[in-house]
Amino acid sequence: MDSALIPEGVKRCSFPKFFIGIAIVGAVVLWGVYGMLVCWLKGLNVTGMDDYYGFALWIWADLAVIALGGGAFFTGLLKYIFKVDELKNIINFVVILGFVCYASALLILAIDIGQPLRGWFIFWHANVHSMLTEVAFCLSCYFAVLTIEFIPNILENRQLDKVPFFHNLSHNMHGVMAIFAATGAFLSFFHQGSLGGVAGVLYGRPFAYREGLLVWPWTFFLFTWSAAAFGPCFSMVVLRITEAVTKKKLVKDNVIHLLAKISGWMITTYIIAKIIDTIYWATVTAPSMGLKMSFFFTGEGNGPYNYLILITEIFLCGVVPGLLLIVKSTRENPTTRLIAIILGAIGVSLNRWVMVLQVMAVPVMPFDKWALYMPTWPEIATTILPVAGGIIVISLAYRYLPVFPQEKELNEVTVE
Amino acid sequence: MKQNNKQAHKFGMVIDLDKCTGCGSCMVACMSENNVPVKEDESDKKDSITWMRVYKLNNNKPFPETEICYLPRPCQHCSGKGDHGHSPCVSVCPATATDYDYSTGIVSQIYTRCFGCRYCMGACPYHARYFNWWDPKWPDGMESYLSPNVSPRMRGVVEKCSFCFHRYQLAKEQVYYDGEERIEDEAAYQTACTQACPAGAIVFGDLNNPDHQVTQIVKPNPHPEHDNHDVVGKSRNPKVFRLLERLGTNTKIYYMSERKWVRKLGDNYLDGEWEKADNHHGSSHG
Amino acid sequence: MFPFCFEWVWDAGHLLFFGGFWFAISILGAGMTWCILKALYETIYCDGSDNHH
């Protein structure tokens with residue numbers, strides 16, 4: 001039915017099967033859209049947030065998808081600036097993933113603000129000293145970069161490519177992609193960092209606050225580093241899922257091994273920096289504000305958290321995946337590699353959780369209480385919405401666009 | 001007038017916690033003065049708007065040694081680290097919707113500029129900022145009692161205590177009308193909570209004016225503290241303290257109490273630190 | 001965002017922040033403009049024939 005749109009030389013499932021799959025995910029999207037409309041029309045009183053928990057599930061999801069989508073800028077940097085040529089076999093996929101993640105982040109932000117129609121104030125009336133302003137500017141610009149990086153792949157669709165203008169445009173964009181990628185890396189450095197800065201500058205919140213370099217708290221650099229380190233893990237996880245769903249090998253092992261190795265070293269160096277940061281914060285920063293580290297985790301018996309979250313984030317989901325990916329044997333073993341990249345993706349998400357939700361939970365005034373928060377269905381629906389939307393975008397891209405240059409070679413199709 | 005200078009006012013407050021009976025008059029006065037809407041169900045305090053909130057503290061001791069203290073908490077109008085005007089909330093607002101006024105020391109909120117990101121609420125350790133989760137509503141007939149001097153706020157924006165800024169504006173107009181240059185008279189500008197307190201526990205005035213009672217009680221140290229350069233304006237009165245002073249937020253709300261356990265609850269201390277701080281305060285300035 | 005917005009100040013913060021922003025926007029804008037104009041030129045003046053393979 002849609003065979004004229006499918007790239008040449010590759011096999012796709014039948015259209016009805018594809019349609020049913022999309023319809024199921026589409027139903028989830030509709031649920032999310034309903035939740036979104038409820039939030040917009042009724043206001044944020046439909047959420048579980050309150051004046052103690054003004055930042056909640058959405059902001060965590062926002063930070064997490066941006067970190068997970070960090071694979072796009074880092075892989076683009078490696079491919080176009082450092083000329084790691086093997087990565088050309090995965091770059092299209094990583095860009096699409098980044099596009100989905102950043103589109104999700106922008107959508108979530110549009111739902112999260114109390115006056116969505118005033119969203120443009122952040123640009124027009126910008127306070128250049130706010131980390132959130134930096135996030136908004138760089139995030140929007142980088143989304144434009146990702147769109148630019150995605151366009152040539154869209155134009156390579158079999159039918160679109162027949163249009164001479166599109167064909168030429170796609171070719172020209174490929175020609176200057178290094179400049180776009182460099183701009184993207186510049187923007188990403190700042191928005192990933194400023195997302196870290198959002199928490200790090202809060203000197204009224206001892207759990208989040210960090211000293212730093214000039215105007216940037218240490219979390220600024222840690223967030224950028226962790227996004228570059230763990231982003232590729234998420235790219236590899238989604239690739240693995242795509243391969244499992246399509247029952248095909250889509251990228252050669254040497255490409256994956258290379259990306260995994262780079263990611264492993266990035267994770268290991270990041271986690272060393274993170275451990276140093278944690279020790280300094282626990283022994284110098286927090287005590288200077290009159291607080292012991294144990295207070296933030298155990299709440300002297302009153303808190304909902306415990307040290308397990310710190311151990312899970314740093315050791316289980318940081319040190320372990322780092323080591324598994326830098327050791328050749330475990331990196332090249334599909335099972336241990338899969339464990340490592342899943343742990344990595346969980347680790348960075350957990351870090352963002354800690355830097356948003358745990359920050360909000362901790363009381364600062366000695367007579368205040370720990371704050372608790374439980375998301376409501378509109379929050380959950382709108383958080384799942386971009387995930388479902390992302391699945392549809394990736395499915396459509398995989399079906400109709402030449403996303404994986406090695407697919408044909410790895411899956412020879414006998415012409416019927 | 002980028003920095004605090006001698007010409008500028010620095011409005012602040014000292015609240016005598018030993019006088020406060022927890023009657024809540026300040027809260028009521030504040031709500032009616034500033035057109036704060038009323039929720040249909042006010043039982044969940046975590047999303048109702050109380051610019052002035054009275055906390056109930058206790059000394060955590062069993063009967064008969066139990067003691068209670070009520071602590072009214074308006075916006076603390078922080079001057080920020082080093083007294084430079086970079087309050088925790090002002091410095092983070094992405095849309096310049098909250099501002100530090102160097103001529104009064106008041107942290108303002110521009111409702112029509114705020115787009116409701118709530119970053120300022122996350123930044124404020126005092127929970128002095130409130131979000132309008134609902135459309136503002138008042139019980140039937142109460143609309144007639146709204147103050148024409150204060151704009152009501154719409155759903156989806158943040159609001160907070162403004163030190164009754166409209167009263168400052170009215171006082172300024174009066175001063176100009178009288179042919180004077182600036183507000184010198186303490187009584188010319190007073191907040192609603194100050195006037196409503198039946199116990200006289202709240203004293204409001206200009207911390208830069210040595211004739212004002214608040215300055216005489218607080219005796220603020222204009223210089224940064226030796227052990228923490230971020231802290232400026234620490235009280236030289238040993239019975240006076242500020243909330244979370246060590247963070248360097250440099251609030252302009254001072255609290256006063258004879259009771260040690262109350263003063264201790266003003267900040268976080270590691271084991272043994274409080275005794276040292278209290279003794280030092282007492283010996284050097286007391 | 002623009003010098004005519006009333007909160008604009010000619011200070012280092014604004015110059016660095018918006019300098020970086022407008023620089024990035026200019027690169028993206030100029031890059032895309034170049035790609036589109038070149039593609040239009042090739043489409044119109046090169047008979048639509050495929051020059052890239």
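Which helix of chain A holds Val354(A)? Val354(A) lies in helix 14 (residues 334–361) of chain A; helices are DSSP runs of H or I, at least four residues, numbered from the N terminus. This is a predicted model, where local features need pLDDT of at least 70, side-chain atom pairs count only at pLDDT 80 or more, and totals for chains, interfaces and linings use all residues. Residues are numbered from 1 along each chain as its sequence is written, chains are lettered from A in the order in which they are written, and side-chain values use heavy atoms, without hydrogens and water.

**Val354(A)**
- Val354(A) counts as buried because its relative accessibility is 7%, with the cut-off under 20% (1.4 Å probe, protein chains only).
- Beyond four places in sequence, Val354(A) touches Phe207(A), Ile309(A), Glu313(A) and Val359(A); contact means heavy atoms within 4.5 Å.
- Ala208(A) is 146 residues away along the chain, yet its C-alpha atom is 9.0 Å from that of Val354(A).

**Interface of chains A and B**
- Contacts link 52 residues of chain A with 58 residues of chain B.
- The two chains bury about 4,500 Å², 58% of it on carbon and sulfur atoms; this is accessible area (1.4 Å probe) lost on being put together, summed over both.
- In chain A, Asp51(A), Tyr203(A) and Phe367(A) lose the most area to chain B, together 19% of what that side buries.

**Salt bridges**
- The interface of chain A and chain B has 2 salt bridges, each a side-chain nitrogen of Lys or Arg within 4 Å of a carboxyl oxygen of Asp or Glu.
- Lys292(A) pairs with Asp271(B) in a salt bridge, with the closest N and O atoms 3.8 Å apart.

Notes:
Helices (H or I, at least four residues) and strands (E, at least two) are DSSP runs, numbered from the N terminus. Buried means under 20% relative accessible area, exposed over 50%, partly exposed in between (1.4 Å probe, protein chains only).
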